[in-house]
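Me: Please walk me through this structure one feature at a time. I would like the general idea where there is one, then the case at hand.

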Amino acid sequence: MKKFFKHILPAAAILLASGTITSCTGDLDVEPIDPTLQTQVNPEQLLNKCYANFAVSGNGGANGDSDVDGIDGGTSGLYRQMWNSNELTTDEAISAWGDEGINTFCYNSYNASHPMLRGYYYRLCVGIAFCNQYLGEFANYNATYTAEVRFLRAFQYYLMMDAFGNVPFATAVSADKPKQANRQEVYNFIESELLAIAGENAADNSQVLADAKPEKKGEEGYARIDKAAAWLLLSRLYINAEVYTGTAQWSKAAEYAKKVIDSPYSLFTEGTDKFTAYQRLFMGDNDLTGATNESLFTIAQDGKRTTSWGVSLYLIAGTHDGDMHSSPLDASAVNGVSAQAWGGNRARPQLVQLFFPLNDAPEGEGYEVAAAADDDRALFNTIGRTLNVEDISAF
């Protein structure tokens, strides 16, 4: 299956020209005749595109073209691919679906030709390319924006390194083939970038993220990166440092985790008569409530402008069917998006046993099981279901 990146703005087109044209006259130096075609890159629009790679598949909405050609726009979202490859391969989740090789994740029998894994790989590559273009053209436009894009690039390199080990590495748009970098090299780059944009590298502190502060929709920093996100990613980088580099960094992992804990961000604890605080984290108004206090990296979604089958809707609809209900006060409420209950992904026994180590989960709706566990995260619907997955294809 061939994959091609699409919608990479003019700099990418230059790559093709630079590799194929050895001499020319002025005959090709013309402007497009289509007056609606935009040929100048706007820095704020390109900044949005760097963020949008986490939220949508392409420029056409949920059912439109994907920025990665050759893979369905509905399934090629970065978060959906990241979740599939990181959860379905563990003892936490399993999927009833068999299309696009999903079931091979469940059995850890995939290989390099796996369409979803390839989609994840290329999605990260195209996101890094967007960031490289921004930094190549607009690094001096706005210091805070530049720091944010450096984070987005570092985060995607982290995901690539974590998933694939040695990866193609480039920090600029170029006609040259990216070099292959090993985990130690990529680790060093990510660490250096994050320390710099967090303002902790005196030699490089001209482009620094905003101070850690939760923001609600309508406030200036909403859905944008600040220092707390850099601290958290540093903590995750350090906690796995022994895998990436052979040298453990436990004290550094604790140091940067504590920075997040001591920051203005905090756990959201405000439940209502219908829903627990944990359930409210995932609701449509979570951009206007105290739920934003818990979100260090918000992937902004709405039902009109950033529609996607690959982020929050996937997580919600993919784990519910029409017989599951969310609230004891509203028997008709499935999951808040009741027209979307796909019956695909569900918990493996090991995840349930974290909350019920004696295998004594009661039969009931998710909110009843959570109450029995005395933990509002234990939203397991157990009605007519068995602990062990006896038929992978039956939700």
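Me: Where in the chain is His114 found?
Reply: His114 lies in the loop between H4 and helix H5 (115-138). Keep in mind that this is a predicted model.

Me: Is His114 buried or exposed?
Reply: His114 counts as buried, because its relative accessibility is 4% and the cut-off for buried is under 20%.

Me: Which polar partners does the His114 side chain reach?
Reply: There are two to look at. The side chain of His114 comes to 2.7 Å from the backbone oxygen of Gly101. The side chains of His114 and Thr104 are joined by a polar contact of 3.0 Å.

Me: Beyond its neighbours within four places in sequence, which residues does His114 contact?
Reply: His114 is in contact with Glu100, Gly101, Ile102, Thr104 and Phe105.

Me: Glu100 is on that list. Where is the place of Glu100?
Reply: Glu100 sits in the loop between strand S3 (93-95) and helix H4 (102-106). Outside four places in sequence, Glu100 contacts His114, Pro115 and Met116. Glu100 and Met116 are 16 residues apart along the chain, with their C-alpha atoms 6.6 Å from each other.

Me: How should I read the backbone angle phi?
Reply: Most residues other than glycine have a negative phi. Glu100 has a positive phi of about 55°, although it is not a glycine. Ala223 also has a positive phi, near 65°. Ala223 belongs to the loop between helix H7 (183-197) and H8.

Me: What does Tyr158 contact, leaving aside its neighbours within four places in sequence?
Reply: Tyr158 is in contact with Ile190, Leu233, Arg236, Leu237, Asn240 and Tyr244.

Me: How do I describe two packed helices?
Reply: Give the angle between their axes and the distance between the axes. H6 and helix H8 (residues 227-239) pack at about 20°, with axes 11 Å apart. That angle makes H6 roughly parallel to H8, since angles under 35 degrees count as such. The crossing of H6 past H8 is left-handed.

Me: Which residues meet where H6 and H8 pack?
Reply: From H6 come Phe151, Phe155, Tyr158 and Met161. From H8 come Ala229, Ala230, Leu233, Arg236 and Leu237.

Me: One more helix. Which residues of helix H2 (residues 43-52) are buried?
Reply: Pro43, Leu46, Leu47, Lys49, Cys50 and Tyr51 are buried in H2. These buried residues pack against H5 and H6.

Me: What happens at the start of H2?
Reply: A side-chain oxygen of Asn42 reaches to within 2.9 Å of the backbone nitrogen of Glu44.

Definitions and conventions:
Residues numbered from 1 in each chain as written. Predicted model: local features only at pLDDT ≥ 70, side-chain atom pairs only at ≥ 80, totals over all residues. Heavy atoms only, no water. Helix = DSSP H or I, 4+ residues; strand = E, 2+ residues; numbered from the N terminus. Contact = heavy atoms within 4.5 Å. Buried < 20%, exposed > 50% of the residue type's maximum accessible area, 1.4 Å probe, protein only. Polar contact = N/O pair within 3.5 Å; in protein donor to acceptor, adjacent residues only side chain to side chain. Axes fitted to C-alpha atoms, helices over the stretch in contact; angles between N-to-C directions. Parallel < 35°, antiparallel > 145°, perpendicular 65-115°, else oblique. Left-handed = near helix turned anticlockwise from the far one by under 90°.
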